[in-house]
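Below is a briefing on one protein model. It covers accessibility, helix packing and aromatic pairs.

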Amino acid sequence: MSTAPIVSKVWSFCHMLRDDGVGYGDYLEQLTYLIFLKMADEYSRPPYSRDVGISPEHKWPQLKSRKGAELEDHYVATLRALGARPGLLGQIFIGAQNKIQDPAKLYRLIAMIDDADWVAMGADTKGDIYESLLERNAEDTKSGAGQYFTPRALIRAMVECVRPEPGKRIADPACGTGGFFLAAYDFITNPRNFKLDKEQKAFLKHEAFHGNEIVANTRRLCLMNMFLHNIGEIEGGAPISANDSLIADDGERFDYVLANPPFGKKSSMSFTNEEGGQQKDELTYNRQDFWAATSNKQLNFVQHIRTMLKTTGVAAVVVPDNVLFEGGAGEMIRRKLLDSTDLHTILRLPTGVFYAQGVKANVIFFDNREASPNPWTEQVWYYDYRTNIRHTLKKKPMRLEHLSDFIACYNPRNRHERKATWNEGAAPEGRWRSYSYEELAARDKASLDIFWLKDKSLADLDNLPEPDDLAAEIIENLEAGLGSFRKVLAGLERSASR
């Protein structure tokens, strides 16, 4: 079944609701509630005949049989009642509100969802539909949803390199809409990679995944996304926690951590000042398992992810450039990472691939190790996919094939057999080379911020990007700069108010 017509039909309804002030994110939330209720009704009927934990007065037939104000009142009561339920059901509906104030349009939306048999639809089909809706929501810059949506091409490349195996646990401490979980699930269930037995399939469905997402609306989208991809059960528990994963070590250890933590540099907490207004203050996590105390959110996530791993665990994490060069706590964390883990690969990414503007990011790959008096990292392999590379979200988005050369160089089946594409003394065009532990440890502040290719746009006017691409890049840089100035201003205002 082609997903495009269904996505187009479902999304076209959103444009009608925009006139009523219902944004993309709000619309996607209402779809989540209604599709979940429709699927619960389908599961409660033969041949499934399952008890899904929804009382008769709040089941789908009661909803679709009403119109007008009666429908609106019943929908609100249903959302409230289901939000008080335990497990996955309650987590989907917790804090749920009706954002569609026109009962006639709510009735039409219910009728549209009622037309499809969602359970009979393949997991790939309904999962692809929901993923497409999430991506469209992320493209709407006004909603801010892009910060919770990692480009799927990058996620798939990271999973292809890590190659997660059946029967092992996978975590993401800031899981957004669940992209890493779904890519790992697809990789493991692909018969070209593994032939799963009954126990392995059950483990993958019920025990393999564990995540944290503190934003309630994003968490419910993640749970629904996983459920539509055949992960979890209506009557089961929720694999995604609402807790801030950085607060404490919960003691759980995982075989894999795949993550793209939030881009914001500083952790902060809100509080009420003496005048009754809301302020934010920088938050430093003082944890005994951390190598350094810092308010830098990204550095804290790197430390936390290392704690989460088993001694044989593997991590692939998206981090901004400052993690590679920042001094103070940053230097200590990099040195500890080089010493206590095998930090073997860094992928340098271009701008224009994330929905957050102006982001310069990298993917660091490291394997955890037991304590040792000697450094575990012997050499770090770099792939420079930034220099002379330009992507835009609409005209030239990054696709998996753009990262195929990196995956080949990474050599996932045996990363200990790698060959550089850059050679000393030759024309420096190869994007893949390594640096020894000694070279990196001797660098100022143990900086891992390394480039060696020549940026052609700085020397050759013929290689300048297209005008619209150049304009987009200028806008990205200006917005990133404005964001930095706003943070400085907020800090000055906090200092003045004390």
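Serine 8 counts as partly exposed, because its relative accessibility is 43% (buried is under 20% relative accessible area, exposed over 50%, partly exposed in between, with a 1.4 Å probe and protein chains only). The model is a predicted one, in which local features need pLDDT of at least 70 and side-chain atom pairs count only at pLDDT 80 or more, while totals for chains, interfaces and linings use all residues. Residues are numbered from 1 along each chain as its sequence is written, and side-chain values use heavy atoms, with hydrogens and water left out.

**Overall**
- The protein has 17 helices and 11 strands; these are DSSP runs numbered from the N terminus, with helices being H or I of at least four residues and strands E of at least two.
- Of its 498 residues, 50% count as buried.
- Among contacts with a separation of 6 or more, 74% come from residues 24 or more positions apart, where contact means heavy atoms within 4.5 Å.

**Serine 8 and glutamate 131**
- Serine 8 belongs to helix α1 (residues 4-18).
- From serine 8 to leucine 133 the C-alpha to C-alpha distance is 9.4 Å, and the two are 125 residues apart in sequence.
- Glutamate 131 is part of helix α7 (residues 123-139) and counts as buried because its relative accessibility is 14%.
- Leaving out residues up to four places away in sequence, glutamate 131 touches Arg152, Leu182, Asn225 and His229.

**Helix α8**
- Helix α8 (residues 152-162) has nine of its 11 residues buried, so the rest of the structure largely encloses it.
- The buried residues of α8 include Arg152, Leu154, Met158 and Cys161.
- Arginine 163 follows α8 and has a positive phi, near 55°.

**Packing of α2 and α4**
- The axes of α2 and helix α4 (residues 68-83) are 12 Å apart and meet at an angle of about 80°; axes are lines fitted to C-alpha atoms, for helices over the stretch in contact, and angles run from 0 to 180 degrees between N-to-C directions.
- α2 is therefore roughly perpendicular to α4 (under 35 degrees is roughly parallel, over 145 roughly antiparallel, 65 to 115 roughly perpendicular and the rest oblique).
- Gln30, Tyr33, Leu34 and Leu37 of α2 make the contact with Tyr75, Thr78, Leu79 and Leu82 of α4.
- The contact has six nonpolar, two polar and no charged residues (Ala, Val, Leu, Ile, Met, Phe, Trp, Tyr, Cys and Pro are nonpolar, Asp, Glu, Lys and Arg charged, and the others, Gly among them, polar).

**Aromatic pairs**
- The structure holds 15 aromatic pairs; rings of Phe, Tyr and Trp (its six-membered ring) pair if their centres lie within 6.5 Å, with planes under 30 degrees apart stacked, over 60 edge-to-face and the rest tilted.
- Phenylalanine 36 and phenylalanine 227 form a tilted pair, 5.3 Å centre to centre with 45° between the planes.
- Phenylalanine 36 lies in helix α2 (residues 24-43) and phenylalanine 227 in helix α11 (residues 216-228), so this pair ties together parts 191 residues apart in sequence.
- Both phenylalanine 36 and phenylalanine 227 are buried.
- Tryptophan 381 and tryptophan 432 are stacked, because their ring centres are 5.0 Å apart and their planes are at 25°.
- Tryptophan 381 is in strand β10 (residues 379-384) and tryptophan 432 in strand β11 (residues 432-436), so the pair ties together parts 51 residues apart in sequence.
- Ring pairs link Trp381 and Trp432 with Phe365, Tyr383, Phe406 and Tyr410 into a cluster.
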